Amino acid sequence: MRSLRLYLRLVGVCVRSQMQYKASFLTDLAGTLFGNAITFLSLAAVFARFGSVGGWRLGEVAFLYGLVEMGFATMDMVFSGYDPGYFSQLVRRGQFDQMLLRPVALPLQVLSSEFTLRRLGRFAQGLIVFLLAVRLAGIHWTVAKLLYLPVVFGSVVAFFGSLFWIGSTTCFWTVEALEAINIFTYGGTEMLAYPMHIYDDWLRYLFTYVIPASLVVYYPALYFLGKPDPFGLPRALSFLAPVAGAAMLLLANAFWRFGVRHYQGTGT
Amino acid sequence: MAGDGLWGSMAAIVEVRDLHKEFRVFLHRRGGLGALRNLFSRQHRLVRAVDGISFRIEPGELVGYLGPNGAGKSTTIKILTGILVPTSGEVVVAGRVPWRQRREHVARIGAVFGQRNSLWWDLPVIESLDLLRHIYRIPAARYRRNLDEFESILGLGEFLSTPVRSLSLGQLMRANLAGALLHDPDILFLDEPTIGLDVVAKERIRQFILRVNRERGTTVILTTHDLGDVERLCQRVLMIDRGRLLFDGQLAELQRRFGGERELVAEFAEEYPDPQVPGATIVGREGPRVTYRFGNGAQRPDGGVTASELIARLSARYRLADLSVREPEIEETVRRIYEQRLLDRE
């Protein structure tokens, strides 16, 4: 509770200092909104030409796309401190050393050191697409679906956040791997915005069993859209999103602790 | 009990025994292919930043930790503050092992690393300090009392509502010092606290450090290049080079043993053709004003003389009008120690 209050106080500081540059904040916001809208329009253009992708219609793919966009945007805002590009600077400039000198848990300090509010632009765009998708796809809503939706959303945030967290932790060893990590996080969002079954087997296995991305997006989407699994896997897979999200966070935290110990041993 | 050290001393607040810290320095290959090879096999060389250092510090001491660049000063401070874990050796600070109980440890220490800012860049100073109140859970009354005191000694009042990013270097250091002491730490670690400051700002910082040490009884450990800091502040000096402790004692003792020779300027009542005197060398002459250089036994094969002996010898031979003795600069002494590795021979 005390930690939460401290977290909110520190995040409040980040938000207020961004507000000091209000004009730049608003242009950024408009810019992200516009940029992402164009991405979606190009997606829509594909459908206008081919009608469907892997048997999924525009509304259904837009459901995936909107969910991933909202989730990623929220994560990008909440986990700004663990954005590998930002975090590597934190280490290089010695600010991470300053964090080691404070009697507060390190993840709390990192997470509250940056909070990029302008990601709201991307979130808003994802939300618009998502709402459109819900109409177009004609989802049959039940109480269970309404309750499960925020859980899935949280799992998406946790999943991408874990990738950021793991990526940042590698900065304790090398910054040379940074680009490779970015391929996973940013590439991951692009990939997850499409139905998994359009990809090759190996890629699908990788994103189901090794990095459980499809568990947080694709399988839950099958449930919401009332589609059967084209591979005939058990329906229970649709409900593993929170398990996958939590498992990724635990894994990231364990790796982080290992990384901090390594850092304290070397002081790179 | 706090301070109940591993080797049976009740009093020491800092105990360091046989501390070692080795770093692997990786050799980087250049180019695209080099970067790829760096990822898989990396060649390295071992650097012993701290190579077997032991010392103890009693509560309330003000200790200077000196050494040339790369001597291992910062590494030691980083270990004592819990940022780094040593390769081997034992460290107990106020009853705790810094890196094992990081959060408990840092709640009881203050640290300012020269030219590193620990306050919030975009916030006014006062709001930054207020955040520290929440971070260290400082009771409101104690916070108020400390803030009032620091405001008057450090003159924070003139820039309390200025954003941290707009402060001058001296103001930044003052604000950071206040921030490091709001929670009444037992020990204050300062790494180059006066680096880059002008004379007036330096003096203000030094006075503040002295006052905190004397009035609050805060133990202070500071590293510095500025021997002015050492002369003004430190009762005791730890001198290290190449990761080893070369000297641990009073500054005056260091000066007495290794200080260069002193100079005596004599103004005679008349001009003498060759005013020699045993135990001293003439190094300058300007009419009746003659400059002698002399030293104690440590520096002279003939045994040397003290200042009073020299004056007695001079006045027995010549008619003196005036006298003055110049002490060697401490900077000179320290430079000589490093350059000639005087302490290594001991």
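User: Is A:Tyr218 buried or exposed in this predicted model?
Analyst: Happy to look at that one. The cut-off for a buried residue is under 20% relative accessible area. A:Tyr218 has 2% relative accessibility, so A:Tyr218 counts as buried.

User: Which parts of chain A does the pair of A:Trp56 and A:Tyr218 tie together, and how many residues apart are they in sequence?
Analyst: The two rings form a stacked aromatic pair, with 5.9 Å centre to centre and 20° between the planes. A:Trp56 lies in the loop between helix H2 (22–50) and helix H3 (58–78), while A:Tyr218 belongs to helix H12 (residues 218–225), so the pair links parts of chain A whose separation in sequence is 162 residues.

User: Is the pair of B:Phe268 and B:Tyr272 stacked or edge-to-face?
Analyst: Good one to check by angle: planes under 30 degrees apart count as stacked, and those over 60 as edge-to-face. For B:Phe268 and B:Tyr272, both of which are buried, the planes stand at 85° with 5.4 Å centre to centre, and the pair is edge-to-face.

User: Which charged residue sits over the ring of A:Tyr223?
Analyst: A:Tyr223 belongs to an aromatic cluster that also includes A:Phe63 and A:Trp141. The charged end over the ring of A:Tyr223, 5.7 Å from its centre, is that of A:Lys145.

User: Which strands stand at the edges of the open three-stranded sheet in chain B?
Analyst: The strand order is E2-E1-E4, with antiparallel pairing. Each edge strand has a single partner, so one of its sides has no neighbour in the sheet; these strands of chain B are E2 (44–57) and E4 (88–93).

Note on methods
Residues numbered from 1 in each chain as written. Chains lettered and ligands numbered in written order. Predicted model: local features only at pLDDT ≥ 70, side-chain atom pairs only at ≥ 80, totals over all residues. Heavy atoms only, no water. Pairing = 2+ DSSP bridges. Helix = DSSP H or I, 4+ residues; strand = E, 2+ residues; numbered from the N terminus. Phe/Tyr/Trp six-rings, centres within 6.5 Å; stacked < 30°, edge-to-face > 60°. Buried < 20%, exposed > 50% of the residue type's maximum accessible area, 1.4 Å probe, protein only. Lys NZ or Arg CZ within 6 Å of the ring centre and 35° of its normal.
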